[in-house]
Amino acid sequence: MGLLLNNKDDKKGQQDSHGVYFSAHEHIGYSIRFPDTSNTRYGCFSEAAAEIIVNLAVYRELMQFIRNRKMSLAYTNLEKNIWDAINNVRTLVELVVLLWYGQNFSKPVMRVVRARTSTGGLPNLWDMGPVLEGVITHCARVIADPDIIMGLNLSYATASMDGKPWERPEAMYAAHALLPTLPRNEVRVVLVEFLKGAQERWRRFGSDILETQLTDAQKRKALKAMMPATNDANEGWLGAQARVALRRAPNARLEFINAKSQYKHNDTAEFIAAKLNTPAGQQFLRTQAQAISSEGRHQKRKVAQAEHDRQTVGKHREKKTKTGKGIMPPLPPLPPVGGSWRQSGGSLAVVLYFPMLYLYYFSVWV
């Protein structure tokens with residue numbers, strides 16, 4: 001659904017129609033951006049599930065609106081799949097369970113993982129043992145009694161892993177309002193099986209932390225060997241900045257974009273003002289900039305990339321030659337034709353032969 005309503009390519013999808021429709025809808029009245037499911041990001045699919053369940057009736061109306069706005073009054077394949085999905089009972093069961101997991105497990109975990117310590121720093125990965133144990137314990141608790149989440153006496157104090165209010169309480173209430181229309185036993189089974197799988201994977205991915213019982217001395221060493229609890233440093237902040245910059249200036253070099261991003265991110269302006277705001281300092285900066293510019297890094301990088309591509313192509317060709325897949329097969333002989341072409345049906349043979357010949361070579365090489 002994110003492919004249609006929040007496509008990563010601005011020229012594709014119905015994200016504009018989605019925003020306009022929600023802004024004008026009498027039950028919404030403001031624009032909503034559908035969660036970004038085009039990127040692998042923790043919790044994005046549970047957020048999408050929550051959004052669909054909360055505004056399920058509106059999304060059904062929106063899909064009909066998108067269809068009826070066309071001259072053909074027909075869905076595309078993607079739109080038809082989405083329409084079928086949001087009207088399919090089993091798909092709704094899966095969305096409800098995914099919503100529950102996100103609100104009661106994923107979000108509480110991320111509140112701890114992304115929180116700042118008392119000193120303002122990032123939490124240490126080696127201190128996340130109690131958090132992982134809490135997730136596994138809460139999974140076991142809900143597996144034993146699914147009514148903690150499914151029951152009528154729903155409360156964040158018992159349903160949420162940390163006992164704190166849900167990030168999106170209306171999603172929990174919308175899911176419970178939808179429950180009478182769903183097969184309750186099937187919802188229970190899906191929830192239990194989902195949590196069993198999640199519990200097993202939490203144990204597997206957190207085995208290094210869960211199995212490590214640190215003494216006080218080891219904790220001090222772990223503090224020195226601090227590992228961030230998140231992978232934010234590698235989540236592509238620079239890449240995101242580069243994509244935006246290339247849209248604005250398609251001919252900008254990668255080195256310029258990197259330098260500009262680092263200049264903003266590393267407080268370089270303050271450093272220059274404090275340390276290099278002198279004639280000698282400015283001359284030093286100009287000298288260094290000229291030296292870097294004269295190195296031709298941009299051209300060298302492109303040459304290296306081209307050489308790497310040539311080597312890759314050579315390896316692939318060599319591999320195909322050894323396996324026989326890259327050997328050109330012989331041409332099939334032309335069918336013998338006696339007399340004139342027209343008398344023997346030659347014109348028909350020519351019409352049929354060359355398309356078949358084309359398809360033959362296409363099938364061999366592809």
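**Exercise 1. Determine which helices the buried residues of α3 pack against, and which residues of α3 are buried.**

*Solution.* Step 1. The buried residues of α3 pack against α2, α4, α6 (89–113) and α10 (169–178). Helices here are DSSP runs of H or I with at least four residues, strands are runs of E with at least two, and both are numbered from the N terminus. The model is a predicted one, in which local features need pLDDT of at least 70 and side-chain atom pairs count only at pLDDT 80 or more, while totals for chains, interfaces and linings use all residues. Residues are numbered from 1 along each chain as its sequence is written, and side-chain values use heavy atoms, with hydrogens and water left out.

Step 1. The buried residues of α3 are Cys44, Ser46, Ala48, Ala49, Ala50, Glu51, Ile52 and Ile53. Buried means under 20% relative accessible area, exposed over 50%, and partly exposed in between, with a 1.4 Å probe and protein chains only.

Step 2. Because eight of the eleven residues of helix α3 (residues 44–54) are buried, this helix is largely enclosed by the rest of the structure.

**Exercise 2. Describe how α3 and α6 cross, and name the residues that meet.**

*Solution.* Step 1. Two packed helices are described by the angle between their axes and the distance between the axes. The axes are lines fitted to C-alpha atoms, for helices over the stretch in contact, and angles run from 0 to 180 degrees between N-to-C directions.

Step 1. The axes of α3 and α6 cross at roughly 125 degrees and come within 8 Å. The two helices are therefore oblique to each other. Angles under 35 degrees count as roughly parallel, over 145 as roughly antiparallel, 65 to 115 as roughly perpendicular, and the rest as oblique.

Step 2. The crossing of α3 past α6 is left-handed. A crossing is left-handed if the near helix is turned anticlockwise from the far one by less than a right angle, and right-handed if clockwise.

Step 3. On the α3 side, Phe45, Ser46, Glu47, Ala49, Ala50, Ile52 and Ile53 take part; they meet Leu92, Leu95, Val96, Leu98, Leu99, Gly102 and Lys107 in α6. Contact means heavy atoms within 4.5 Å.

**Exercise 3. Describe how α6 and α11 cross.**

*Solution.* Step 1. The axes of α6 and helix α11 (residues 184–205) come within 10 Å, with a crossing angle of roughly 40 degrees. α6 and α11 are therefore oblique to each other.

Step 1. The crossing of α6 past α11 is right-handed.

Step 2. Residues of α6 that meet α11 include Arg90, Trp100, Tyr101 and Phe105. Among their counterparts in α11 are Glu186, Phe194 and Trp202.

**Exercise 4. Describe how α4 and α5 are arranged, and locate Leu73.**

*Solution.* Step 1. Helix α4 (residues 56–68) and helix α5 (residues 77–85) have axes that come within 10 Å and cross at roughly 155 degrees. α4 is therefore roughly antiparallel to α5.

Step 1. Arg60, Met63, Gln64 and Ile66 of α4 make the contact with Glu79, Ile82 and Trp83 of α5. The crossing of α4 and α5 is left-handed.

Step 2. Leu73 is placed in the loop between α4 and α5. Its phi is near 55 degrees, a positive value in a residue other than glycine.
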